[in-house]
Amino acid sequence: MTASNLQSINSPELLKAGDPLELTLYGVKTVFRYCPPGKFLMGSPEDETCRDFNEIQHEVTLTRGFWLLETPVTQALWKTVTGENPSNFQGIDARPVEQVSWDDCNSFIQKLNAERLAPDGLKFDFPTEAEWEYACRAGTTTPYNCGDKLTEYDANFGDIFGGTTPVKSYAPNAWGLYDMHGNVEEWGFDRFDLLFGEPPVDPQGSKYGSRRVIRGGSWFGCVWSCRSADRGLSSSEERYSFVGFRLALRSLN
């Protein structure tokens with residue numbers, strides 16, 4: 001592993017949203033973007049088009065900053081780490097890996113941690129559901145991080161191409177994160193639960209249940225499913241050609 005900006009890890013007060021952290025994992029260059037501590041409104045307002053009942057809007061406080069991979073995990077990285085490529089849409093290594101269950105992704109993360117590939121003081125993980133939406137919004141309150149509407153020039157959705165597209169095919173959000181809308185939905189850490197109107201601090205979802213949260217919309221889904229607040233779920237062992245994941249880096253303490 002090699003890394004740049006390691007000094008900033010030990011001085012988080014010097015970091016700002018979107019600052020990069022470059023890591024080379026098994027020869028594959030990856031870039032993580034910093035997401036600072038903060039408060040935001042999670043969920044959607046009652047007048048948002050196509051909102052679901054489980055998107056109750058409420059204030060969330062995240063007390064610790066974290067790093068989020070600027071793209072979904074690619075087939076190149078998955079193959080390098082595991083020696084396999086389960087993806088349905090192959091041929092371009094820059095496409096996101098899919099056909100991976102939550103359990104598969106958890107094993108991938110545990111392997112990275114077992115081999116101590118994270119910078120000192122950090123570990124690889126899934127983002128929590130709150131962290132994912134916070135990072136997706138990047139300070140916005142609109143249905144999409146690019147505004148009130150999402151078009152085919154903003155993201156891969158609606159089966160336009162009949163499958164995934166290479167990561168970074170569309171513009172990033174304000175914090176330098178790509179494909180937060182469309183391409184592949186992304187597994188999160190949390191077990192699925194309803195959102196309540198309390199102002200939680202560092203929420204991590206329910207302690208019970210086997211269904212995990214999925215976020216972000218996909219190449220296959222409708223535009224409304226790409227909204228920042230939209231919530232999906234599935235059993236942790238299921239695999240789909242429209243679901244991948246994104247790595248987070250967080251403090252060990």
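# Questions on a predicted model

Biologist: Tyrosine 26 is found in the loop between β2 and β3. What is the phi of tyrosine 26?

Modeller: Bear in mind that this model is predicted. Tyrosine 26 is a residue other than glycine, yet its phi is positive. The value is near 55 degrees.

Biologist: Is tyrosine 26 buried, partly exposed or exposed?

Modeller: Buried means under 20% relative accessible area, and exposed means over 50%. Tyrosine 26 has 32%, so it counts as partly exposed.

Biologist: Which class of exposure does arginine 116 fall in?

Modeller: Arginine 116 lies in the loop between α3 and β7. Its phi is also a positive value, near 55 degrees. Its relative accessibility is 72%, and the cut-off for that class is over 50%, so arginine 116 is exposed.

Biologist: Is strand β5 largely enclosed or largely open?

Modeller: β5 covers residues 58–62. Four of its five residues are buried, so the rest of the structure leaves β5 largely enclosed.

Biologist: Which residue of β5 is the bridge partner of phenylalanine 40?

Modeller: Strand β4 spans residues 38–42 and runs antiparallel to β5. Five bridges join these two strands. For phenylalanine 40, the partner in β5 is valine 60.

Biologist: The loop between β4 and β5 holds arginine 51. How far apart are the C-alpha atoms of arginine 51 and aspartate 148?

Modeller: Arginine 51 is partly exposed, at 25% relative accessibility. Leaving out residues up to four places away in sequence, arginine 51 touches Ser44, Pro45, Glu46, Ile56, Gln57 and Arg227. Aspartate 148 is 97 residues from arginine 51 along the chain, and their C-alpha atoms are separated by 13 Å.

Biologist: On how many sides of α2 do Gln75, Leu77, Trp78 and Val81 lie?

Modeller: Helix α2 runs over residues 75–82, and these four residues are buried in it. They cover an arc of only 165 degrees around the axis, so they share the same side of α2.

Biologist: What do the buried residues of α2 pack against?

Modeller: The helix is followed directly by glycine 83, with a positive phi of about 80 degrees. The buried residues of α2 have packing partners in both strands and helices: β2, β3, α3 and β11.

Biologist: Which residues does aspartate 93 touch beyond four places in sequence?

Modeller: Aspartate 93 sits in the loop between α2 and α3. Its relative accessible area is 37%, so it is partly exposed. Its contacts beyond that sequence limit are Thr74, Gln75, Ala76 and Lys79.

Biologist: How many of the nine residues of helix α4 are buried?

Modeller: Helix α4 spans residues 129–137. The buried list includes Glu129, Glu131, Glu133 and Arg137. It also includes Trp132 and Tyr134.

Biologist: Which residues are closest to the centre of the largest pocket?

Modeller: The largest pocket has a volume of about 300 Å³. Of the 16 residues that line it, the closest to its centre are Arg64, Thr128, Glu131, Gln204 and Arg250.

Biologist: How many residues of each class are in the lining of the largest pocket?

Modeller: Glu131, a buried residue of α4, is one of the lining residues closest to the centre. By class, the lining has five nonpolar, six polar and five charged residues.

Definitions and conventions
Residues are numbered from 1 along each chain as its sequence is written. This is a predicted model: local features need pLDDT of at least 70, side-chain atom pairs count only at pLDDT 80 or more; totals for chains, interfaces and linings use all residues. Side-chain values use heavy atoms; hydrogens and water are left out. Buried means under 20% relative accessible area, exposed over 50%, partly exposed in between (1.4 Å probe, protein chains only). Two strands pair if DSSP finds at least two bridges between them. On a 1 Å grid over the protein atoms alone, a cavity is a set of points where a 1.4 Å probe fits but cannot get out, and a pocket is an open set with protein on both sides within 12 Å along at least five of seven lines; lining residues have an atom within 4 Å of a point. Grid points are joined across faces, edges and corners, and a volume is the space filled by probe spheres set on the points. Ala, Val, Leu, Ile, Met, Phe, Trp, Tyr, Cys and Pro count as nonpolar, Asp, Glu, Lys and Arg as charged, and the others, Gly among them, as polar. The arc is that of the directions from the helix axis to the C-beta atoms. Contact means heavy atoms within 4.5 Å.
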